[in-house]
Amino acid sequence: MAATTIDAATFMALQEATGREFAGELVGTFLEEAPLMLRELGAALAAHDAEKFRRSAHSLKSNSLTFGALRLGAMARELELGGFDRAAGAGDPLAALAAEYVRVATALEELRDA
Amino acid sequence: MRESRPGSARLLVVDDNKVNRLLLSRSIELQGHRVAMAENGRVALEMLRRESFDLMLLDIEMPEMDGFQVLEQLVSDLRLRDLPVIVTSSLEGIENIVRCIELGAEDYLAKPVNPVLLKARIGACLEKKWLRDQQKELLGRFATSAVAQDLQATGFSLVGRWVEGSILFSDIRGFTSLVESESPEEVIELLNTYYALMFEAIGGRGGVVNQMVGDGLMSIFGAPLPLADHCESAVRAALEMIEMVELFNHERIAAKKPAIRIGIGIASGKMVAGYTGTHERATYTCVGDTVNLAARLESLTKEVGRSILVDRATRDGVGNRIVMESIGPVAIKGKAAAVEVFAVGAVKA
């Protein structure tokens, strides 16, 4: 499902602009950083820290768009833009985000090693 | 002055997000520039105060100190306020972009940053900075730093205006024969030392060196910034110039080189001041009778064997605070009536 999870044109443009090797390293950095952001989102939610929640969502959105992870980016954006109250009221608001991230990670690894 | 446009510049990338930081740095390096990175505003300011950068790419949302706070700090820092800043952010809301621009950011780029756009913006920013640096250097050549800063704050105006001031002309007597008797290296070294001494005497009294032609200097007291006691300031600067030349001569004589003598002419009154030239290349100057008279008095010093000659307006402006001696009315080229001339300081051959 790589085609819908990662926008191929965006990812190829990134590879072209920065070099294949560098893009690969950058994917590696993202795969290290993104789980931390997801954890921060969960922690902020638990601590009712709306500002930290928004900021973590913002970072995740920003990075997702860099790699063409449009759906993940859109989900993060929704959380950034006043999604805290809604997220805090829902059952497990971050489950969908985490699931999408797993798909993104797999797709990026495939693209990187292709 | 740097002759060529900037090729490789040094940029600072400030972003708390590692992916963004690495990506921006990579793009910039591929453009042939050098990059340093900071992960938040506090670290960025520390680096800016320690090292020299041509441009900063600044994220807004960061822990410890955000981009807005960095911009605020830059505005109030005299040394850093001219540093161009491009804000790179995926911040939502037009009001945030407006706030960045209002805080002095040069430009705003939405993340993810398009590399082609980034290149164009960096190029434009560096070009602007280069022009600004050139302008500063140009100002610095004829103005003290206080004047240069004032002019930069008020902006360049090519409009002329009447000012009240004193003009001081000076040159080295017999410089042409000096040039022939010394090696080219020695001549340039002599001129550089001489200029350094003269600039100090003139600048120290609030004067501004306006023109340097060979060994000759034209200095203005009272423009571009008004100077309450311009007559006395000019005469005191002249006395210090003579004193400095004497000190310089001790060294020259010790080095078995001929002593130098200078002549100084000062005239005071109204004159037209302004920038002449074009917007690309402007120079500040004063013109009018007062300026011509000062130049004539300077050349008259050779004929009458005195170091400093001033006109009546200058003498009246100084009053009895400095002893002067009338050397009577003198016919001056370009003046219908003879001009009363006064000599300052000791009689010197």
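**Ground rules**

I number residues from 1 along each chain as its sequence is written, and chains are lettered from A and ligands numbered from 1 in the order in which they are written. In this predicted model local features need pLDDT of at least 70 and side-chain atom pairs count only at pLDDT 80 or more, while totals for chains, interfaces and linings use all residues.

**Entry 1: chain A overall**

I began with the secondary structure of chain A and found 7 helices and 0 strands. Helices (H or I, at least four residues) and strands (E, at least two) are DSSP runs, numbered from the N terminus. Read from the N terminus on, the elements of chain A go α-α-α-α-α-α-α.

Next I looked up burial: 39% of the 114 residues of chain A count as buried. A residue is buried if 20 or more other C-beta atoms lie within 10 Å of its own, exposed if 12 or fewer, and partly exposed in between, with C-beta atoms placed from the backbone.

Then I checked contacts, where two residues count if their C-beta atoms, placed from the backbone, lie within 7 Å. Among the contacts in chain A between residues at least 6 apart in sequence, 64% join residues at least 24 apart.

**Entry 2: helices 5 and 7 of chain A**

I picked one helix pair to follow. Two packed helices are described by the angle between their axes and the distance between the axes. The axes of helix 5 (residues 70-80) and helix 7 (residues 95-113) of chain A come within 9 Å and cross at roughly 155°. Helix 5 of chain A is therefore roughly antiparallel to helix 7 of chain A. My axes are lines fitted to C-alpha atoms, for helices over the stretch in contact, and angles run from 0 to 180 degrees between N-to-C directions. Angles under 35 degrees count as roughly parallel, over 145 as roughly antiparallel, 65 to 115 as roughly perpendicular and the rest as oblique.

The crossing of helix 5 of chain A with helix 7 of chain A is left-handed; that is, the near helix is turned anticlockwise from the far one by less than a right angle, and clockwise would be right-handed. From helix 5 of chain A I noted A:R71, A:L72 and A:M75, and from helix 7 of chain A, A:A96, A:L97, A:E100, A:Y101 and A:V104. By class, this contact has 6 nonpolar, no polar and 2 charged residues. For the classes, Ala, Val, Leu, Ile, Met, Phe, Trp, Tyr, Cys and Pro count as nonpolar, Asp, Glu, Lys and Arg as charged, and the others, Gly among them, as polar.

**Entry 3: where A meets B**

How many residues does each chain put into the contact? I found 16 residues from chain A and 14 residues from chain B. On the chain A side, helix 2 (8-18), helix 3 (20-46) and helix 4 (50-66) each supply at least two residues. The largest share of that side, 8 residues, comes from helix 4 of chain A. The chain A side divides into 6 nonpolar, 7 polar and 3 charged residues.

**Entry 4: the sheet in chain B**

Chain B has 11 helices and 13 strands, and buried residues make up 39% of its 349 residues. I followed an open sheet of 5 strands in chain B, in the order 2-1-3-4-5 with parallel pairing; two strands pair if DSSP finds at least two bridges between them. Strand 2 (34-38) and strand 5 (107-110) of chain B are the edge strands, each pairing on one side only. The twist averages 20° from one strand to the next.

Strand 1 of chain B is largely enclosed by the rest of the structure, because 4 of its 5 residues are buried. Strand 1 of chain B pairs with strand 2 of chain B over 5 bridges, in the parallel sense, and B:L11 has B:V35 in strand 2 as its bridge partner. Strand 3 (residues 55-58) and strand 4 (residues 85-89) of chain B pair in the parallel sense over 3 bridges; here B:L57 has B:I86 as its bridge partner.

**Entry 5: one glycine**

Is B:G263 buried or exposed? B:G263 is buried, because 25 other C-beta atoms lie within 10 Å. B:D171 is 92 residues away from B:G263 in sequence, yet 5.7 Å away in space, C-alpha to C-alpha.
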